[in-house]
Amino acid sequence: MDTHQKHSTREKTKENYSAYLDSEEFWNKRYSSATSTPVFGELPRDTLVQQFPTILSRAKKAIAQGRNYRIFEIGFGQGRNCIWLLKQLSNSLNEEEFCHIEFVGVDISGEAVSQTTKLAISLLGEHFVQQNMKLLHDDVGFHDEELQHSNIEKYDLILGFFIQFIQKHDILHQKIEHALKYNGMIIINGYTPEQLQYNTGGPQEIDHLYTSTMLKQEFPHCEPITAEDKIEQVEHPRKGQAAICTFVAIKTK
Ligand SMILES: C[S@@+](CC[C@H](N)C(=O)[O-])C[C@H]1O[C@@H](n2cnc3c(N)ncnc32)[C@H](O)[C@@H]1O
């Protein structure tokens, strides 16, 4: 989407846009000043690492059934999670099987898209990136194709790590659930309201924060595998304690 088109779309839906906390400029600035040490570090979230065996067996099952395994990530940032996941899948599947992995990501920051594209090319190869990855530079709230008008259930796996840029998160979560296939998996990590006591990152607006209990309500068609709130020791974006919720669930209805 070009800048003119994007601005006119936002103009039309100004009311919705005011619900968003983060701007493209904000994230571009953070990512362009953090190329050697990524803002959220280089390591993937533990939640994703722990779920990898399950993801792999689900991907193998989809491929054995002759279909692609489709992954969607919202706000992928500098790519620490999606690139790690795709690299693990490429190490665990044969070349033919890996061709059946498809990844679509959307991030509002052009800097995020360009840095993640470079990383993906260097670790996964240009051919895979061109054929099987779509890294969209866009505002997910305006992303008609992938979420907003998705009346078909498209994805086997949806990832959302610290995507707390919208006040009305229930609306975003509703769209995410809708975009998930029956029996698809969702993995979310976010800061809980308790995070306001710590100075280790995340939005300062309580309306943008949520707990695993809220997520259970916001994904009524999903059966949780893990739904918990914990205080974690984190290194990024600032070292210290952080109040983080984890929601891993399967769409069962
Ligand atoms: C807190 S960062 C998390 C990045 C990444 N998920 C991680 O954990 O390393 C939030 C990300 O969401 C992106 N973002 C913010 N508002 C967005 C929007 N409206 N649509 C799509 N992405 C957005 C930002 O550019 C940023 O990369």
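## Helices α5 and α7

The axes of helix α5 (residues 80-92) and helix α7 (residues 110-124) come within 10 Å and cross at roughly 15°. The model that shows this is predicted. Angles under 35 degrees count as roughly parallel. That makes α5 roughly parallel to α7. The crossing of these two helices is right-handed.

Which residues of α5 and α7 make the contact? On the α5 side they are Ile83, Leu86, Lys87 and Ser90. On the α7 side they are Thr116, Leu119, Ala120, Leu123 and Leu124. Sorted by class, this contact has six nonpolar, two polar and one charged residues.

## The chain as a whole

The chain has 253 residues. Buried residues make up 40% of them. There are 11 helices and seven strands.

Contacts between residues at least 6 apart in sequence can be split by their spacing along the chain. Of these contacts, 79% join residues at least 24 apart.

## Helices α4 and α5

Helix α5 also packs with helix α4 (residues 46-64). Here the angle is about 45°, and the axes are 11 Å apart. That angle makes α4 oblique to α5. The crossing of α4 and α5 is right-handed.

From α4, the contact takes in Leu48, Phe52, Leu56 and Ala59. From α5, it takes in Asn81, Leu85, Gln88, Leu89 and Ser92. What is the make-up of this contact by class? It has six nonpolar, three polar and no charged residues.

## Helices α3 and α7

Helix α7 has a contact with α3 (residues 24-32) as well. Their axes come within 7 Å and cross at roughly 40°. That makes α3 oblique to α7.

In α3, the residues involved are Glu24, Trp27, Asn28, Tyr31 and Ser32. They meet Gly110, Glu111, Ala112 and Gln115 in α7. By class, the contact has three nonpolar, four polar and two charged residues.

## Around the ligand

How many residues are around the ligand? There are 20. Trp27, Phe40, Gly75, Gly77 and Phe161 come nearest. Trp27 is also one of the α3 residues that meet α7.

The shell around the ligand divides by class into 12 nonpolar, four polar and four charged residues.

## Ile244 in strand β7

Ile244 is found in strand β7 (residues 240-251). Is Ile244 buried or exposed? A residue is buried if 20 or more other C-beta atoms lie within 10 Å of its own. Ile244 has 24 other C-beta atoms within 10 Å, so it is buried.

Ile244 touches Asn189, Tyr191, Thr192, Lys230 and Glu232, when residues up to four places away in sequence are not counted. Glu194 is 50 residues from Ile244 along the chain. The C-alpha atoms of Ile244 and Glu194 are separated by 8.5 Å.

## Pro193 and its loop

Where does Pro193 lie? It is in the loop between β5 and α11 (212-218). Pro193 has 16 C-beta neighbours inside 10 Å, so it counts as partly exposed.

Pro193 is in contact with Ile206 and Leu209, leaving aside its neighbours within four places in sequence. Thr211 is 18 residues away along the chain. The C-alpha atoms of Pro193 and Thr211 are separated by 7.4 Å.

## Backbone details

A cis peptide bond joins His236 and Pro237. Its omega is about -5°. Pro237 lies in the loop between β6 (222-234) and β7. Strand β7 is the one that holds Ile244.

Phe162 has a positive phi of about 60°, although it is not a glycine. It is found in the loop between β4 (155-161) and α10 (169-179). With 18 other C-beta atoms within 10 Å, Phe162 is partly exposed.

Asn183 is another residue other than glycine with a positive phi, here near 75°. Its place is in strand β5 (residues 180-191). Asn183 has 13 other C-beta atoms within 10 Å, so it is partly exposed.

Technical notes: Residues are numbered from 1 along each chain as its sequence is written. This is a predicted model: local features need pLDDT of at least 70, side-chain atom pairs count only at pLDDT 80 or more; totals for chains, interfaces and linings use all residues. Helices (H or I, at least four residues) and strands (E, at least two) are DSSP runs, numbered from the N terminus. A residue is buried if 20 or more other C-beta atoms lie within 10 Å of its own, exposed if 12 or fewer, and partly exposed in between; C-beta atoms are placed from the backbone. Two residues are in contact if their C-beta atoms, placed from the backbone, lie within 7 Å. Axes are lines fitted to C-alpha atoms, for helices over the stretch in contact, and angles run from 0 to 180 degrees between N-to-C directions. Angles under 35 degrees count as roughly parallel, over 145 as roughly antiparallel, 65 to 115 as roughly perpendicular and the rest as oblique. A crossing is left-handed if the near helix is turned anticlockwise from the far one by less than a right angle, and right-handed if clockwise. Ala, Val, Leu, Ile, Met, Phe, Trp, Tyr, Cys and Pro count as nonpolar, Asp, Glu, Lys and Arg as charged, and the others, Gly among them, as polar. A residue is near a molecule or strand if its C-beta atom, placed from the backbone, lies within 6 Å of it.
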